[in-house]
Amino acid sequence: MNSIATTASGGDTETTGVLDAVIVGAGFSGLYQLHALRDRLGLSVQVLEAADGVGGTWYWNRYPGARCDSESHSYCYSFSEELLQDWEWSERYPGQPEIMRYLNFVADRLDLKRDIRFNTRVAAAEYDEARNVWHVTSEAGDRFTARYLITAVGCLSTANVPAIPGLESFAGAWYHTGLWPHEGVDFSGKRVAQIGTGSTGIQAAPVIAESASHLTVFQRTPNYSVPARNGPLTPEFRQYVKDNFDEIRRIMRSTTNGHPFTIADRSVFDVSPEERLGIYEAAWETGGLRFRAAFRDLLTDRKANDTAAEFLMNKIREIVNDAGTAEILAKIDHPYAAKRPPIDTDYFETFNRDNVALVDVHADPIESITPAGIRLRSGAEYPVDVIVFATGFDAMTGTLTRMGIRGRDGLTLTEAWEAGPRNYLGLQVTGFPNMFTVTGPGSPSVLCNMPVAIEQHVEWITDCIAYMRERGIERVEALPESTDRWVEHVNETAAATLFPEAHHSWYLGANIPGKPRVFMPYPGGLARYRAICDEVAAKGYEGFEFS
Ligand code: N01
């Protein structure tokens with residue numbers, strides 16, 4: 001292990017030796033990657049984190065109703081029996097504060113914080129070919145040199161505030177859900193506008209409506225949603241999880257999406273229409289992402305998907321009292337689950353409240369923000385005191401391309417990904433030796449229960465580095481032909497699904513003006529992906545070049 005001293009001079013910090021690794025980000029992935037490299041391999045590691053605490057996406061997303069859509073007992077690390085036994089989740093889905101408590105519990109239990117530099121946002125990371133090291137510089141000018149650069153920046157960490165003319169003139173307060181104030185926002189007595197009806201907006205609206213004097217939801221693309229059916233976990237269930245975690249882990253690792261339940265082994269048209277309706281009703285009652293697992297062909301056969309879509313649109317019409325509002329909510333143009341399927345607590349019911357209104361900004365787009373509120377193209381005006389942007393993220397690539405990453409021959413990551421992200425296995429970009437991207441584009445990532453995808457990546461990266469060290473190999477880089485083949489494979493796999501039919505989805509980069517339209521996550525399923533990665537490793541890291 002290298003011994004590293006850090007010196008502070010003129011407010012700057014500079015490593016005086018070469019660290020083994022710099023990890024960027026202290027969320028689920030950065031914490032485990034630090035533990036794996038430091039405590040398993042004995043490496044010198046520095047984590048750099050922009051926030052003043054651990055948590056990653058959960059540190060920033062403190063909006064009302066923020067809660068994970070994965071079930072608690074699966075939204076956690078599975079690598080440590082001790083962590084599993086010593087933590088208790090309180091509800092079926094973990095709320096944001098509870099996830100923060102959990103990640104702090106893990107960081108403290110594994111003594112991780114001493115190797116994390118908080119309040120340190122990376123401004124540049126440059127590969128030095130002559131020395132085969134990465135020089136990483138923070139916005140404040142602190143400098144770190146390391147053999148490996150590992151990005152653990154999450155997939156949804158660069159907030160997207162749409163460039164609507166006039167925002168700077170707005171006299172009220174505005175917030176993005178992904179950069180929510182720590183002290184919270186008091187909506188009482190306020191007229192609130194919420195723009196966006198993705199997973200976040202669908203969680204936030206019912207909670208905001210409870211305290212605001214009035215909430216207007218501006219919906220551009222209607223969305224499906226299934227009731228989460230959240231509630232407290234019983235002591236019996238918690239004990240069941242502790243006693244059966246090996247089996248739960250086995251299921252999570254063997255399914256497409258890394259959840260603790262399997263996808264039914266039946267096709268939509270294997271059953272009669274009456275039977276199908278019964279299956280959908282039961283799945284609706286069970287709630288959450290389990291609805292998607294009712295049939296195995298929902299994401300590959302449009303006609304099969306249409307049956308689920310029709311069921312869910314009818315549910316909206318049943319729940320929402322006002323027929324006009326129900327129609328705006330139910331006019332959904334994409335297959336169910338081709339965009340990330342939201343789950344909710346009383347979302348559609350919220351539109352039955354007297355203090356809530358829905359505005360269709362697909363029919364009449366937002367034209368500007370005025371000092372008083374929101375103006376549509378038709379000239380209609382909505383005076384408000386607060387605007388909540390639930391408008392999502394520059395997903396998967398946004399944070400990476402903003403980090404000033406420069407590889408061999410001065411190539412920037414932005415240049416390398418000008419036409420969309422290109423890499424091998426979602427793990428390494430050709431031209432960027434010794435850099436690994438945890439849950440990068442091209443990996444299953446956001447299509448999965450994230451901790452399961454993260455653990456697979458962290459363990460693969462750790463094994464790869466161990467392999468190199470055992471053999472005195474100092475450099476690893478994805479071969480260009482491996483990248484070409486992988487990108488082709490991801491595209492072919494996506495084309496065999498219904499995902500591309502949601503042409504406005506952030507999976508395709510369509511939510512960011514000018515972003516190349518490329519299907520970014522790997523849609524072949526986590527189990528298949530794991531098998532591919534394992535085979536690559538077993539063949540001596542086939543497709544990578546060692547030197
Ligand atoms: O963001 P989104 P999100 N004018 O991009 C609308 C994860 N997540 O924060 O669809 C008007 O999905 C936009 O409209 P359209 C999860 O993976 C996880 O909700 O582009 N509207 C859309 O309605 C999720 O998928 C949990 O037409 C505008 C909304 O804003 C991901 O985060 C919980 C607009 C953005 O939806 C992102 O979800 C919550 C404009 N100019 C979220 N610009 C978990 O449980 C955008 N919109 C783990």
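Across the interface of domain 1 and domain 2 the rule finds seven salt bridges, each being a side-chain nitrogen of Lys or Arg within 4 Å of a carboxyl oxygen of Asp or Glu. Before selecting anything, note that this is a predicted model, in which local features need pLDDT of at least 70 and side-chain atom pairs count only at pLDDT 80 or more, while totals for chains, interfaces and linings use all residues. Residues are numbered from 1 along each chain as its sequence is written, and side-chain values use heavy atoms, with hydrogens and water left out.

Start by colouring the two domains: residues 5-158 together with 395-546 for domain 1, and 167-389 for domain 2, the bounds coming from an automatic or database domain assignment. Their C-alpha centres lie 28 Å apart.

Next, select R302 and E501, whose side chains meet in a salt bridge at 2.4 Å, N to O. Between domain 1 and domain 2 there are 31 residue pairs in polar contact, both residues at pLDDT 80 or more; such a contact is a pair of N or O atoms within 3.5 Å, where, within protein, one must be able to donate a hydrogen and the other to accept it, and residues adjacent in sequence count only if both atoms are side-chain atoms.

Now show the side of domain 1 that touches domain 2, to which α2 (57-60), α3 (81-86), α14 (450-470) and α16 (526-538) each give two or more residues. Helices are DSSP runs of H or I with at least four residues, strands are runs of E with at least two, and both are numbered from the N terminus. The largest share of this side, four residues, comes from α3.

Widening the selection, 46 residues of domain 1 are in contact with 55 residues of domain 2, contact meaning heavy atoms within 4.5 Å.

Finally, move to strands β6 (residues 122-128) and β7 (residues 133-138), which run antiparallel and are joined by six bridges; two strands count as paired if DSSP finds at least two bridges between them. Select Y127, which stands opposite W134 in β7, and then N132, which takes a positive phi near 55 degrees in this hairpin, where four residues lie between the strands.

From β7, continue to β8 (residues 143-151), which runs antiparallel to β7 and is joined to it by four bridges. Here T137 stands opposite R143 in β8, and G141, in the turn of this hairpin, has a positive phi of about 100 degrees.
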